[in-house]
Amino acid sequence: MLRAVWLAGLVLIGCGQAAPPRLRVDHAAPPEELPPEELPPEELPPEEAPPEELPPEELPPEELPPEETPPNDGACTSDDLPTPNAGIIEPPGQDGCPAGMAQIGAQASCMDRWEAFLEERTAEGAVPFSPFADPTGRDVVARSAPDAVPQGYISGISAASACAAAGKRLCTDAEWTRACGGAADTIYPYGNTREPGVCNDARGVHPVVEYFGTGDSWIWSELGHPCINQQDDTVDVTGANAGCVDDSGRFFDLMGNLHEWIDDPAGTFRGGFYVDTQQNGPGCRYRTTAHNTAHRDYSTGFRCCADLDP
């Protein structure tokens, strides 16, 4: 009884004021947890801390914003259409033939001594045309000279038009084969025994496979890509293969380098190209008839013929 009275007296402190109530703390209750998205960054668990942001100049290329993607370090793209034939001029013709041409044996006709390149006629005058571009629909003129990159990517239609613009025409089959085989009608321009590499005909890796880095079937729909012939060890400049010449020493690269369209409405090109001069016949006998005259790809080129004025 006395203990109860004593305890009760403890609740009265001077002036009759009640002591403040004692706070009850439940030590077993966990503190309220905030969801991670509401935690300040310094309290996030290590694995959820926001990553350190690098300045753009230190980001790896694959993480750069599109507008800051670096250039392709000089690799060829479909927009690359150089004009390496600027300044090249046809030399005078031989045997009374037009510039860049010579007489075919005793025939009354002339042939371009080298595979053709193109100039484009514009309002400002003639300008070089890229040998890696499709000339369809362009006002182009065929030219023939040494040390030029010959025109690939050309259809039989465009080749005929370019020859006509130069006052020439595509060669007949008889003219082309006579020039290639010479007076003795040899299998190759230099004789009857094949010598790989004398002409530009011995590239080991297919250039389309090399450029695209795969042998998948889709690459064969990309044969007009301008970068194919801009790779190393593809098309040679005209006259670079000194031994790839007929017995008269006048006509170069009739075998290999680029296929050459001839005058055939059904579509024929001759001579093979820098990968193959055997599949459709050896050397001067090589003849492709699988495409009509609208066909074009990186391997199709041409040269012109003309009638020899009496």
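1. The disulfides of this chain follow the pattern 1-8, 2-3, 4-11, 5-12, 6-10, 7-9, where bonded cysteines are counted along the chain. A disulfide is here a pair of cysteine sulfur atoms within 2.5 Å. By this rule the chain has six disulfides. Three of them are described below.

2. A word on the basis of this note. The model is predicted, so that local features need pLDDT of at least 70 and side-chain atom pairs count only at pLDDT 80 or more, whereas totals for chains, interfaces and linings use all residues. Residues are numbered from 1 along each chain as its sequence is written, and side-chain values use heavy atoms, with hydrogens and water left out.

3. The chain as a whole. There are four helices and 13 strands in the chain. Helices (H or I, at least four residues) and strands (E, at least two) are DSSP runs, numbered from the N terminus. Of the 310 residues, 39% count as buried. Buried means under 20% relative accessible area, exposed over 50%, and partly exposed in between, with a 1.4 Å probe and protein chains only. The accessible surface comes to about 17100 Å², and carbon and sulfur atoms hold 54% of it; such areas come from the Shrake-Rupley method with a 1.4 Å probe, and for residues only the protein chains shown count as cover.

4. Contacts along the sequence. Among contacts between residues at least 6 apart in sequence, 65% join residues at least 24 apart. Contact means heavy atoms within 4.5 Å.

5. The disulfide of Cys 171 and Cys 305. The sulfur atoms of Cys 171 and Cys 305 are 2.1 Å apart. This link is right-handed, with 90° about the S-S bond. It connects distant parts of the chain: Cys 171 is in the loop between β8 and α3 (173–181), Cys 305 is in strand β13, and the two are 134 residues apart. Both Cys 171 and Cys 305 are buried.

6. The disulfide of Cys 180 and Cys 284. Here the S to S distance is 2.0 Å. The torsion about the S-S bond is about -75°, so the disulfide of Cys 180 and Cys 284 is left-handed. Because Cys 180 lies in helix α3 and Cys 284 in the loop between β10 (269–270) and β11 (287–288), the pair ties together parts that are 104 residues apart in sequence. Both Cys 180 and Cys 284 are buried.

7. The disulfide of Cys 199 and Cys 244. These cysteines are joined with an S to S distance of 2.0 Å. A torsion of about 95° about the S-S bond means that this disulfide is right-handed. Cys 199 lies in the loop between α3 and α4 (207–212) and Cys 244 in the loop between α4 and β9, so the pair ties together parts 45 residues apart in sequence. Cys 199 and Cys 244 are both buried.

8. Helix α3. The buried residues of α3 are Glu 175, Trp 176, Ala 179, Cys 180 and Gly 181. Their cover includes β4 (109–112), β8, β9, β10 and β13. After α3 comes Gly 182, with a positive phi near 70°.

9. Helix α2. In α2 (residues 156–165), Gly 156, Ser 158, Ala 159, Ala 162 and Cys 163 are buried. Why do they lie on the same side of α2? They cover an arc of only 160° around the axis, which puts them on that same side; the arc is that of the directions from the helix axis to the C-beta atoms. Among the elements that cover these buried residues are β5 (117–122), β7 (140–143) and β12 (300–302). Just after α2, Gly 167 takes a positive phi of about 80°.

10. Three strands form an open sheet in the order β6-β5-β7, with antiparallel pairing. Two strands pair if DSSP finds at least two bridges between them. The edge strands are β6 (125–128) and β7, each pairing on one side only. On average, neighbouring strands of this sheet are turned by 35° against each other, direction ignored. Helix α2 packs on the sheet, where it touches β5 and β7, and its direction makes about 80° with that of β7. Axes are lines fitted to C-alpha atoms, for helices over the stretch in contact, and angles run from 0 to 180 degrees between N-to-C directions.

11. Pairing within the sheet. Four bridges join the antiparallel strands β5 and β7, and Leu 118 stands opposite Ala 142 in β7. β5 and β6 also pair in the antiparallel sense over four bridges, with Glu 119 opposite Pro 128 in β6. β5 and β6 form a hairpin with two residues between them.
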